[in-house]
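Welcome! Please take a look at the sequence and the structure below, and then read on for a short tour of a few places in it.

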Amino acid sequence: MPPETPVDILAIAAHRDDVEQTCGGTLLSMQARGWRTGILDLTQGESGTRGTAQEREAEANEAARILKVTTRLALDLPDGNVQNTLENRLKVASVLRRLRPRVVILPYWQGRHPDHYTCSILGYEACFVSGLAKAQVPGPALPPHRPFKILYASLYADVRPTFAVDISPFMEQRFQSLMAYRSQYANQPQGGGLFVPEEEIRERTFATARHYGLLAGVRYAEPFVQKEIGLVDDLMTLPVASI
């Protein structure tokens with residue numbers, strides 16, 4: 001297996017299209033700043049109500065092109081049954097050692113879909129395992145690596161974010177990356193009662209980003225949570241007006 005290009009920021013999600021919904025704009029913003037970005041999807045979409053794994057793969061590749069990520073990978077964990085096992089932690093750790101990100105973005109640790117909150121815990125523990133020198137991970141023998149910062153994309157969580165990222169210049173691209181998943185978001189009889197009608201997706205997507213933009217004093221934003229305390233060097237440079 002040839003080595004992939006290392007990335008600075010890696011978003012890990014349970015399903016193809018999760019990243020596009022929660023932090024696609026942030027990946028675009030970071031790429032524009034010169035950082036290399038990547039996506040790791042844990043599953044391949046074989047159990048989804050709509051579409052096949054093959055269709056989801058093609059759509060994910062198109063979305064990756066729109067998001068301008070350096071690399072996008074998918075593991076083979078069962079769609080709808082992601083489990084936090086040692087075997088799965090080692091699979092994720094293998095990717096972390098190959099890509100060596102400084103920042104990892106995970107789903108928020110609470111949510112409706114079990115795959116999402118399991119991915120959050122699995123991702124965190126994989127980051128820990130990846131840094132253990134004696135951990136035997138699948139694939140090529142590579143030095144241990146532990147990401148410096150773990151963030152949680154909280155767009156669909158009913159929590160107050162720690163901070164938000166201004167994605168105003170990238171909102172349209174973010175939306176187009178989501179709509180690359182035609183098998184999921186185009187109007188069709190299958191799953192009609194579960195999925196938002198296509199004509200409403202744009203309004204809902206922009207309205208949600210606008211909500212977090214208003215909280216942060218910008219037009220559109222994506223929210224994140226970090227568990228640790230933030231550190232500020234200069235009070236005079238703090239953004240977002242208080243009054």
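## Lys 68 and its loop

Lys 68 is partly exposed, because its relative accessible area of 45% falls between the cut-offs of 20% and 50%. Keep in mind as you look around that this is a predicted model. You can find Lys 68 in the loop that runs between α3 (53–67) and β3.

Lys 68 is not a glycine, yet its phi is positive, at about 60°.

## Asp 17, another positive phi

Now move to the loop between β1 (9–13) and α1 (18–22), where Asp 17 sits. Asp 17 also has a positive phi, about 105°, without being a glycine.

Is Asp 17 buried or exposed? Its relative accessibility is 5%, under the 20% limit, so Asp 17 counts as buried.

## Arg 72 in strand β3

Strand β3 covers residues 71–74, and Arg 72 is part of it. With a relative accessibility of 14%, Arg 72 is under the 20% limit and therefore counts as buried.

Another is Tyr 181, where the side-chain polar contact with Arg 72 is 3.2 Å.

Our last stop is a pocket. The second largest pocket has a volume of about 670 Å³, and 20 residues line it. To find its centre, look for Thr 162, Phe 163, Ala 164, Pro 239 and Val 240, the lining residues that lie nearest to it.

Which elements each supply at least two residues of this lining? They are the strand β6 (163–166) and the helix α8 (198–216). The largest share comes from α8, with 3 residues.

What kinds of residue make up the lining of the second largest pocket? By class, 12 are nonpolar, 4 are polar and 4 are charged.

Conventions. Residues are numbered from 1 along each chain as its sequence is written. This is a predicted model: local features need pLDDT of at least 70, side-chain atom pairs count only at pLDDT 80 or more; totals for chains, interfaces and linings use all residues. Side-chain values use heavy atoms; hydrogens and water are left out. Helices (H or I, at least four residues) and strands (E, at least two) are DSSP runs, numbered from the N terminus. Buried means under 20% relative accessible area, exposed over 50%, partly exposed in between (1.4 Å probe, protein chains only). A polar contact is a pair of N or O atoms within 3.5 Å; within protein, one must be able to donate a hydrogen and the other to accept it, and residues adjacent in sequence count only if both atoms are side-chain atoms. On a 1 Å grid over the protein atoms alone, a cavity is a set of points where a 1.4 Å probe fits but cannot get out, and a pocket is an open set with protein on both sides within 12 Å along at least five of seven lines; lining residues have an atom within 4 Å of a point. Grid points are joined across faces, edges and corners, and a volume is the space filled by probe spheres set on the points. Ala, Val, Leu, Ile, Met, Phe, Trp, Tyr, Cys and Pro count as nonpolar, Asp, Glu, Lys and Arg as charged, and the others, Gly among them, as polar.
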